[in-house]
Amino acid sequence: MLNTVLFDMGGTLEDIWYNDETVAKAMETVRTVLRANGLEPGCTDQEFQERVLAGVKDYKRWSEGNMLEAKPEEIWPNYYLKSFGFDREKLIPITEELANLWEITYYHRELRPGVKELMDGLKARGYHIGVISNNASLYNVFNVLEEYGIRDYMEDVTVSSVTGYRKPHPEIFRISMRQMRCRPENCVYVGDTVSRDIIGAKRAGFGWAAQIYSFLTAQKDVGIPIAEAERPDVVIQNFEEFLAWLDQENPAMTLK
């Protein structure tokens, strides 16, 4: 019987997107923090953006290729800002600040409609609830859960920057299950991408996996070969629909 529901964060519990305006805001924020700490990029704004984004691309190639996540104190000097050769003694103490600010400026984030009602519904039915998220900041996920007012619903929050593994690596799912003290066959995972969320949950032995589309879905899943056994059990449009599906498929937990 399913008794545990675990969620992805960006793209699932929260709507997430980016555009030229958010990217420019992220660059401005990073430059401001660097300069406030005695680190001067010494280039035009356009060159700064191009060099940072090249570093981001290099990191994503390594991280996604190996299904691993480094800590902010490794990511920023070794990838994002590598080409600037900044003094590491000045840079490393501010890398978590930069990582958190990047997450909330590069991306526009807002809580999806119906999340609090979903959390109340799951709790009323007796489900255990948690989060498994890929995030290059140590504390960002915890911070935004608090800001959204849903942190207290979560029995566990497992983040790639803390574990060192990123979805779809099955180990990040196993770490969450150990911390939740649950068995994979009793879990359903809800995420927006097949390539990270659904495949990862299926390979970790989860009983079910549900998909809800986001801005990121198409770009993350493009060109990914998907075996029949790694497809979502259901694709939902909203969380009211998810709760109705869960009640139908898992009647033992349905409110009477």
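This section describes the cysteines, aromatic pairs, backbone exceptions and pockets of a predicted model.

No disulfides are counted in the model. Cys 187 takes part in none, and the nearest cysteine sulfur, that of Cys 182, lies 3.3 Å away. Cys 187 is buried, with a relative accessibility of 0%. Cys 43 is likewise classed as buried, with a relative accessible area of 16%.

The aromatic pairs number 21. In one of them, Tyr 18 and Tyr 106 adopt a tilted arrangement, with 5.2 Å from centre to centre and 40° between the planes. This pair joins distant parts of the chain, 88 residues apart: Tyr 18 is in the loop between β2 (14-17) and α1 (20-36), and Tyr 106 is in the loop between α5 (95-105) and β3 (108-111). Tyr 18 is partly exposed at 26% relative accessibility, whereas Tyr 106 is buried at 13%. A further pair, formed by Tyr 189 and Phe 206, is edge-to-face, with a centre-to-centre distance of 6.2 Å and 80° between the planes. Tyr 189 belongs to strand β6 (residues 187-191) and Phe 206 to the loop between α10 (194-203) and β7 (208-212), so the contact ties together parts 17 residues apart in sequence. Both residues of this pair are buried, Tyr 189 with a relative accessible area of 0% and Phe 206 with a relative accessibility of 5%.

Ring pairs also connect a cluster consisting of Tyr 18, Tyr 59, Trp 62, Trp 76, Tyr 79, Tyr 80, Trp 102, Tyr 106, Tyr 107 and Phe 215. Elsewhere, a charged side chain is placed against a ring: Arg 51 lies over the face of Phe 84, 4.0 Å from the ring centre.

Several backbone features are also noted. The peptide bond from Lys 167 to Pro 168 is cis, with omega near 20°, and Pro 168 is located in the loop between α8 (160-163) and α9 (170-180). Met 67, a residue other than glycine, has a positive phi near 55°. Met 67 is situated in the loop between α2 (45-66) and α3 (72-80) and is partly exposed, with a relative accessible area of 26%. Arg 181, also not a glycine, has a positive phi of about 60°. The loop between α9 and β6 contains Arg 181, which is exposed at 81% relative accessibility.

The largest pocket has a volume of about 610 Å³. Its lining comprises 36 residues, of which Lys 60, Tyr 107, Arg 166, Arg 196 and Lys 220 are the closest to the centre. Two or more lining residues come from each of β2, α2, α5, α7 (140-148), α10 and α11 (217-221), with α2 giving the most, eight residues. By class, this lining has 13 nonpolar, eight polar and 15 charged residues.

The second largest pocket contains about 320 Å³ of space. Of the 16 residues that line the second largest pocket, Pro 168, Ser 195, Arg 196, Lys 220 and Ile 224 lie nearest its centre. Helices α2, α10 and α11 each give two or more residues to this lining, and the largest share, four residues, comes from α10. The lining of the second largest pocket divides into six nonpolar, three polar and seven charged residues. Arg 196 and Lys 220 are listed among the residues closest to the centre for both pockets.

Note on methods
Residues numbered from 1 in each chain as written. Predicted model: local features only at pLDDT ≥ 70, side-chain atom pairs only at ≥ 80, totals over all residues. Heavy atoms only, no water. Disulfide = S-S within 2.5 Å. Buried < 20%, exposed > 50% of the residue type's maximum accessible area, 1.4 Å probe, protein only. Phe/Tyr/Trp six-rings, centres within 6.5 Å; stacked < 30°, edge-to-face > 60°. Lys NZ or Arg CZ within 6 Å of the ring centre and 35° of its normal. 1 Å grid on protein atoms, 1.4 Å probe; cavity = no way out; pocket = protein on both sides within 12 Å on 5 of 7 lines; lining within 4 Å. Points joined across faces, edges and corners; volume = space filled by probe spheres on them. Nonpolar A, V, L, I, M, F, W, Y, C, P; charged D, E, K, R; others polar.
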